[in-house]
Amino acid sequence: MAKSIDVSDLNIYYGDFLAVEGVNMTVKSKSVTAFIGPSGCGKSTMLRSLNRMHEVIPGARVEGKVVVDGQSLYDASVDPVAVRRQIGMVFQRPNPFPTMSIYDNVLAGNRLNAKRLKRDDADTIVERSLKQANLWNEVKDRLNKPGMGLSGGQQQRLCIARAIAVEPEVLLMDEPCSALDPISTSAIEDLIHELKSDYTIVIVTHNMQQAARVSDDTGFFNLKAAGQPGHLVEFNPTKKMFSTPDEASTEAYISGRFG
Amino acid sequence: MTSAALHISQARLPRWAPILVGVMALAVAGLPALLSGWGAVTWLVAAIAVFLVAMPLWSRLVEGRRAATDRFVTALIWTAFGVAVSPLVWLLWVVISNGLPAINADFLTQSMLNVIGDEQGGIYHALIGTLLITLAAAVISVPIGILTAVYLVEYGARSRVARVITFLVDVMTGIPSIVAGLFALALLVLLFGPAFRAGIGGSIALSLLMIPTVVRSSEEMMRLVPDDLREASFALGVPKWRTVTRVVLPTALSGIVTGVVLAISRVIGETAPLLVVAGSTDGVNTNLFDGRMTTLPVFIFSQYSSSTPVGYERAWGGALVLIALVMVLNLVARIIGRIFSPAKGH
């Protein structure tokens, strides 16, 4: 079910402001692709343009192509809501729905779309998703308690369970570990490794070691200069990026000699 | 090597110091009060003034400047609190002491139909009228108000239409209630002829007064719903209208309910528009769409206008019931708010 993503000549605008310019890349199916780069260089914008979530911000638009499995995401006939059902997303800050229990949070993708589920099917989905998200053992006895009562790391894994419960083709993760402690981070990284066998995963991270640990390919984004749009400096297999990158600026950023 | 001692302890007044100063201030102010025959209120004001001078002075001598300022401002804030609360307590006291003698089972279950002179009358018809008219007003204004707020927050953000609506809602807030009543009357007269009076006219007038309050409070509550939740919903492929109805509204529900109940308690005591359009009657009328209907405020007004001792008593009794009604509504709002508020904790 996993799909690859081809991005060609992508420009992303907020109103008249060009945020990201001229991105070309291929995200391979059933692999983990990491985006790294300094703050404000357009990694998150790029990630959000992959499931049209950036359109939530008024005035946001793109030029260029994003093709998932032969289907262009930005064709006039494409419904952004349908895109987001296929390409799920996990955000930087955990955002479980405060009105729902843990159980209902996992099923939110089905429940909010008013899909009728048999009780057995619902139980199966909840158990499978929570197990995949490494949360089942911690919450199996309190599924009807509110999701907000969990710790930050558990909430984030709950959000991941919620995202994979609808079985998307692609999972986008926007700095999923930046608000978490090392133990929760490690749990989520293990999870990413496991999910790789079923999903195509794109992750934005500020943590270079994390990119090196979890990803197969890495894209390095940077600003050409202050006030200039962000662009993709280099896109290569992670092993190559972290040993012999093509660009000097990539090596400078990765080794900490940035500037 | 000796280091300078850490200066973190200092002299403190005993815990009972404010009580002592308070008693002494009452005594000091009591002397001139006795000699020149001041009333209780003047005595209290003088005592507060003495306290405001004496307490900081003592504190300044023992504790230092910062503590003295603290004690002065603390005393000032308690005084302000007392000034703010005393009218409320006073009002409750007056209404309860005057209204309680009028309240009995007959008063709550009888109407004023065929009641002459000092006979036992009742407010049953007014109670029914108030409940029906206010309920109908809520039925009209809550959907309009909440849907307007949904448009303003979720769909029309920063558009010209939204700005115009916000402006008009603000203007509506300032409509005098009598004007709302005359508007409703004009509407009914245009539609049904000059002699037409019905409770629904009162509901229309009250809904004109309720809508802006409901819009404003619902709007505030929906703006408090974090964008994170909307994004989480969108990212699951949930369409916008479902996001609004299944995520935003439930999350904001407790605040919206509180706002609605506050709007109801605001209009439940309206007199003028109801006097104009719903009129006044002595009997029970349960049909909102035909005939005059009395509400509690109108009942109080007409009994008070009769200028008889029993009329005054009935008016006070009606006032007590009205206040109790508003109080119950507020309690219900709090309970509903607690039930629906997003659950936290384990």
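Start with chain A and its open sheet of ten strands, in the order 5-4-1-2-10-9-3-8-7-6, with mixed pairing. Strands here are DSSP runs of E of at least two residues, and helices are DSSP runs of H or I of at least four, both numbered from the N terminus. Two strands pair if DSSP finds at least two bridges between them. Strands of a sheet pair through backbone hydrogen bonds, either parallel or antiparallel.

A word on what is on screen. This is a predicted model: local features need pLDDT of at least 70, side-chain atom pairs count only at pLDDT 80 or more, and totals for chains, interfaces and linings use all residues. Residues are numbered from 1 along each chain as its sequence is written, while chains are lettered from A and ligands numbered from 1 in the order in which they are written.

**Stop 1**

Select residues 71-72 of chain A. Two bridges join strand 4 to strand 5, and the two run antiparallel. Look for A:Val67: its bridge partner in strand 5 of chain A is A:Ser72.

**Stop 2: strand 9**

Select residues 217-223 of chain A. Is strand 9 mostly covered or mostly open? Mostly covered: six of its seven residues are buried. Buried means 20 or more other C-beta atoms within 10 Å of the residue's own; exposed means 12 or fewer; partly exposed lies in between, with C-beta atoms placed from the backbone.

Show strand 3 (residues 32-36) of chain A. It pairs with strand 9 of chain A in the parallel sense, over four bridges. A:Thr33 has A:Asp217 as its bridge partner. Next, show strand 10 (residues 230-237) of chain A. Strand 10 pairs with strand 9 of chain A in the antiparallel sense, over seven bridges. There, A:Gly219 is bridged to A:Phe235. Strands 9 and 10 of chain A form a hairpin with six residues between them. In the turn, click A:Gly227, whose phi is positive, about 85°.

**Stop 3: the cores**

A nonpolar core is a set of buried Ala, Val, Leu, Ile, Met, Phe, Trp, Tyr and Cys residues joined through C-beta atoms within 7 Å. The largest has 135 residues; A:Ala161 and B:Val260 are among those with the most contacts inside it. Helix 8 (residues 199-223) of chain B gives the largest share of this core, twelve residues. A second, separate core of seven residues includes B:Ala25 and B:Met55.

**Stop 4: where the chains meet**

Two residues are in contact if their C-beta atoms, placed from the backbone, lie within 7 Å. By that rule, 23 residues of chain A are in contact with 21 residues of chain B. Helix 2 of chain A gives the most to the side of chain A that touches chain B, with four residues.

**Stop 5: chain B**

Which domains does chain B have? The assignment gives domain 1 (17-101) and domain 2 (124-340). Such bounds come from an automatic or database domain assignment. Their centres, taken over C-alpha atoms, are separated by 40 Å. Six residues of domain 1 of chain B are in contact with six residues of domain 2 of chain B.

Finish at B:Arg66, in helix 3 (residues 65-99) of chain B. B:Arg66 is exposed, because 11 other C-beta atoms lie within 10 Å. Its C-alpha atom is separated by 53 Å from that of B:Val161, 95 residues apart along the chain.
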